[in-house]
Number of protein chains: 2
Amino acid sequence: MKEIIFATQNEGKLKEFRDLVSLLPWRVYSLKDRPKILLPEETGASFRENAEIKARAAAKAAGMIALADDSGLEVDYLGGEPGVFSARFAGEHGNDSKNNEKLLSLLKGVPEEKRAACFSCVIAVSFPSGETFFCQGVCEGYITHSPRGNNGFGYDPLFWLPSFGKTMAELNMEEKNQISHRGKAFRATLPLLEKLLD
Amino acid sequence: MKEIIFATQNEGKLKEFRDLVSLLPWRVYSLKDRPKILLPEETGASFRENAEIKARAAAKAAGMIALADDSGLEVDYLGGEPGVFSARFAGEHGNDSKNNEKLLSLLKGVPEEKRAACFSCVIAVSFPSGETFFCQGVCEGYITHSPRGNNGFGYDPLFWLPSFGKTMAELNMEEKNQISHRGKAFRATLPLLEKLLD
């Protein structure tokens, strides 16, 4: 049985990853299984740096290959903001409605063609030695003028996908996993993990 | 025989990749084999965007899976500069000595502990449909106060690797491939390519 730890507190992400690798002979631990592992603060200037901070700390502490992700929204008109501040854009961590309100107010009056944005997810895969590899998934879209849809979380209700004619929050889980930044990042990472754990 | 195109004009990168996959039953084309493929300008705001611009254009034009890379230097003290402008930092594309001079002058008087930097390489892998995956390799170090070493190119003579006690330009090719951003990015990409071409 091959062992790996996913450095996340997020049950949703953990479930998504466990589903993805359910057919492989891997035991996937999370931070819940190793409560003594304390991750450093996410002080990175990029998704890549934050993912690396978490993966390296977990790999070193657990003594096994670790993966960690960091993700967020980058809005062209705002020069890539909110970026690493996506979850705490309006100040309070994880307050989706305040964050969405702030984003809409910053884009007030900005026409459709200037509202391009992308969701980005970087996954870091670290060895206990510190060696780290990265995979990334990106999902492109536009910021709407008002929220639509009840699925998902974060900025999903404001993220318009032209090819679907829907916001991310109007997709079901299967559709979202196919096209989302995290789904794509996981799919890019999987072959690497298979090789590294081999 | 599986076919793939590497969207690069750079013979060094092409050789590196062909060496890496020499044992696999792949035919690796480059832009030299398909002179009619004109890549769009690299107008992206990040390595990821520039790599994607090249890979998507090549995959669509060639009708096969394409990969492309973009890479550069990010200096903490300069807020991530020169970044996507690494090759043309001093104005003229690919003028290594001018670029190095400019970097040293911007860091004049900055103490060692504030001279942290990283080389970063993002590889995009695109399908003709446009679907794109990304892998990234990063190499961390410090900017020296003066150039050292004659190997490599670009900022290599200014890039200090504490674990080697050498600059990147003092490494031989084998050492460099082991630890360089591009070497790591290629190694992260290879399992993905094997899966996609399967």
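How many salt bridges does the rule count over all chains? I began my notebook with that, and the count comes to 32 salt bridges over all chains, a salt bridge being a side-chain nitrogen of Lys or Arg within 4 Å of a carboxyl oxygen of Asp or Glu.

Before going further I noted that this is a predicted model, in which local features need pLDDT of at least 70 and side-chain atom pairs count only at pLDDT 80 or more, while totals for chains, interfaces and linings use all residues. I also noted that residues are numbered from 1 along each chain as its sequence is written, that chains are lettered from A and ligands numbered from 1 in the order in which they are written, and that side-chain values use heavy atoms, with hydrogens and water left out.

Entry on one salt bridge within a chain. I looked up K2(A) and found its side chain in a salt bridge with that of D198(A), at 3.8 Å from N to O. This pair links distant parts of the chain, 196 residues apart, with K2(A) in strand β1 of chain A and D198(A) in the segment after α5 (181-197) of chain A; helices (H or I, at least four residues) and strands (E, at least two) are DSSP runs, numbered from the N terminus.

Entry on the strands around β1(A). I saw that β1 (residues 2-6) and β2 (residues 26-30) of chain A run parallel and are joined by five bridges, where strands pair if DSSP finds at least two bridges between them. β1(A) also pairs with β3 (residues 66-75) of chain A, in the parallel sense, over two bridges. I then followed F6(A), whose bridge partner in β2(A) is S30(A) and whose bridge partner in β3(A) is L67(A).

Entry on the two copies.

Entry on the interface. I found 19 residues of chain B in contact with 19 residues of chain A, contact meaning heavy atoms within 4.5 Å. Because 100% of the interface residues of chain B are also interface residues in chain A, the copies meet through the same surface. The area buried between the chains is about 1,700 Å², of which carbon and sulfur atoms give 51%; buried area is the accessible area (1.4 Å probe) that two parts lose on being put together, summed over both. R48(B), F134(B) and Q136(B) supply 29% of the area that chain B buries against chain A, more than any other three residues.

Which residue of chain A forms a salt bridge with K195(B)? I found E194(A), with the closest N and O atoms 2.8 Å apart, and the rule finds six salt bridges across this interface.

Last entry, on a peptide bond. I noted a cis bond from E81(A) to P82(A), with omega near 0°, and placed P82(A) in the loop between β3 and α3 (96-106) of chain A. In chain B, a cis peptide bond joins E81(B) and P82(B).
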